Amino acid sequence: MQINVTGHHIEITKSLRQYIEEKFSKLERHFDQINNVHVILNVQKMQQKAEAKLHLAGGEVFATSEHTDMYTAIDSLIDKLDRQVIKHKEKQIKH
């Protein structure tokens, strides 16, 4: 799985990149056919925003999350993506 991280008004530090990679590796445990991930981190005044688009075998999944803390926004984003990835996987199994 290839992870691209882009920052708008925020510097992508080594620790932030490691945190993102660690969290996305958990998604891979549920569904191993994740090809590409594009993560965009954005800071607007006091609001931290994290969004991601996952390219999966058989489709795409998109989620976004906002919080005052970037790490919390990333955690929330992963939770949302996790639920969507599981739904996607269940749909593929039914077909």
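Colleague: What order do the strands of the open sheet have?

Modeller: This is a predicted model. Its open sheet has 4 strands in the order β1-β2-β3-β4. The pairing is mixed.

Colleague: Which strands stand at the edges?

Modeller: β1 and β4. Each has a single partner strand, so one side of each is left without a neighbour in the sheet.

Colleague: How much are neighbouring strands turned against each other?

Modeller: By 10° on average, direction ignored.

Colleague: And in what sense do β2 and β3 pair?

Modeller: Antiparallel, over 10 bridges.

Colleague: On to the helices. What does α1 touch on the sheet?

Modeller: α1 packs on the sheet and touches β1, β2 and β3. Its direction makes about 140° with that of β2.

Colleague: Which strands does α2 lie across?

Modeller: β2, β3 and β4. α2 runs at about 150° to β4.

Colleague: How many residues does α2 have?

Modeller: 25, from residue 70 to residue 94. From first C-alpha to last, α2 reaches 36 Å. That is close to the 36 Å expected at 1.5 Å a residue.

Colleague: Which residues of α2 are buried?

Modeller: Met70, Ala73, Ile74, Leu77, Ile78, Leu81, Val85 and His88.

Colleague: Why would residues three or four places apart point the same way?

Modeller: An α-helix has 3.6 residues a turn, so residues at that spacing point the same way.

Colleague: What covers the buried residues of α2?

Modeller: The cover includes α1, β2, β3 and β4.

Colleague: Now the largest nonpolar core. Which members touch the most others?

Modeller: The core has 27 residues. Ile20, Phe24, Val39, Leu41, Leu54, Ile74 and Leu81 touch the most other members.

Colleague: Which elements give two or more residues to this core?

Modeller: β1, α1, β2, β3, β4 and α2. The largest share, 7 residues, comes from α2.

Colleague: Take valine 39. What is in contact with this residue, leaving aside neighbours within four places in sequence?

Modeller: Ile3, Asn4, Val5, Thr6, Ile20, Phe24, Glu51 and Ala52.

Colleague: Change of topic: lysine 23. Where is its place?

Modeller: In helix α1.

Colleague: Is lysine 23 buried or exposed?

Modeller: Buried. Its relative accessible area is 15%, and buried means under 20%.

Colleague: What does lysine 23 touch, not counting residues up to four places away in sequence?

Modeller: Ile74, Asp75 and Ile78. Ile74 and Ile78 are among the buried residues of α2.

Technical notes. Residues are numbered from 1 along each chain as its sequence is written. This is a predicted model: local features need pLDDT of at least 70, side-chain atom pairs count only at pLDDT 80 or more; totals for chains, interfaces and linings use all residues. Side-chain values use heavy atoms; hydrogens and water are left out. The expected span of a helix is 1.5 Å times one less than its number of residues. Buried means under 20% relative accessible area, exposed over 50%, partly exposed in between (1.4 Å probe, protein chains only). Contact means heavy atoms within 4.5 Å. A nonpolar core is a set of buried Ala, Val, Leu, Ile, Met, Phe, Trp, Tyr and Cys residues joined through side-chain atoms within 4.5 Å. Two strands pair if DSSP finds at least two bridges between them. Axes are lines fitted to C-alpha atoms, for helices over the stretch in contact, and angles run from 0 to 180 degrees between N-to-C directions.
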